[in-house]
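Here's a quick tour of one model, written for someone who likes to know the cut-offs. Have a look at the structure, then read on.

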Amino acid sequence: MSLIIAPSILSADFANLTQEIEKVEKAGCDWIHVDVMDGHFVPNISIGLPVIRCLNKIATVPLDVHLMITNPDRYLEDFAEAGASYITVHTEACVHLQRTLAHIRKLGKKAGVSLNPATPPEALQYVLDDLDLVLIMSVNPGFGGQKFIPAILPKISKLRQMFEKAGKKDIHISVDGGINSETAKLVTAAGADVLVAGSSIYGSANVKEAISNLRKAAQQ
């Protein structure tokens, strides 16, 4: 799979989102990662449907929407209508995960599952037929700028092996949390093909250089 860079707008300047989206697109990003937090599943509150509708009018690349919320099934149709290309739910927040993923696909969207640092890869063993993306949290979800947790690396390798054994090589493995030029090498070597990066891109004085450095690091 080709490497995908997905800047996280959680680290962007929310007063200038149009410019922030245009900036990373011109710099060569592949997706825009959007974190939705409800203050319940995670201790923070971020953005919701009105902002995603606006982002959909601005962005020319896919919107990778990560739902860090309880009861995500209640809102799947709304996020699909708002313009999400990928809709990712947390396995820890879903009572009937297969049903949720099938519903996302029925809405014409790509279905993703996120795993918290302590959640084992075996949680996905029986939903591979309904899965387009796995988002591995390399920090505990809820806040940007956290330190990368190295213990998630074996999880990435196990998932890649699981997918290959099942003939599901086209399932993306995305990693979110503490991604920079150093950690990008580690996660792609383990089998990841999507890098979600917030502060290392938006906190850089040169966004184009930051994205380029992530690509170079991942290919080493």
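## Ground rules

This is a predicted model, so to speak plainly about thresholds: local features need pLDDT of at least 70, side-chain atom pairs count only at pLDDT 80 or more, and totals for chains, interfaces and linings use all residues. Residues are numbered from 1 along each chain as its sequence is written, and side-chain values use heavy atoms, with hydrogens and water left out.

## The largest pocket

The largest pocket holds about 160 Å³ of space. A pocket here is an open set of points on a 1 Å grid over the protein atoms alone, where a 1.4 Å probe fits, with protein on both sides within 12 Å along at least five of seven lines. Its volume is the space filled by probe spheres set on the points, which are joined across faces, edges and corners.

Lining residues have an atom within 4 Å of a point; among them are Met1, Ser2, Leu3, Arg160, Lys169 and Asp193. The lining splits into four nonpolar, four polar and three charged residues. In that scheme Ala, Val, Leu, Ile, Met, Phe, Trp, Tyr, Cys and Pro are nonpolar, Asp, Glu, Lys and Arg are charged, and the others, Gly among them, are polar.

## Cysteines without a partner

You'll find zero disulfides (a disulfide is a pair of cysteine sulfur atoms within 2.5 Å). Cys29 is in none, and the nearest cysteine sulfur, that of Cys54, is 18 Å away, which is too far for a bond.

Cys29 is buried at 7% relative accessibility, while Cys54 is partly exposed at 44%. Buried means under 20% relative accessible area, exposed over 50%, and partly exposed in between, using a 1.4 Å probe and protein chains only.

## Salt bridges

There are seven salt bridges, each a side-chain nitrogen of Lys or Arg within 4 Å of a carboxyl oxygen of Asp or Glu. Lys23 and Glu20 make one at 2.8 Å, N to O. They sit three residues apart in helix α1 (residues 17-26), so about one helical turn separates them; helices are DSSP runs (H or I, at least four residues) and strands too (E, at least two), numbered from the N terminus. Lys23 is partly exposed at 35%, but Glu20 is buried at 8%.

Asp129 and Lys168 also pair up at 2.8 Å, N to O. Asp129 is in the loop between β5 (110-115) and β6 (133-137) and Lys168 in the loop between α5 (153-165) and β7 (172-176), so this bridge ties together parts 39 residues apart in sequence.
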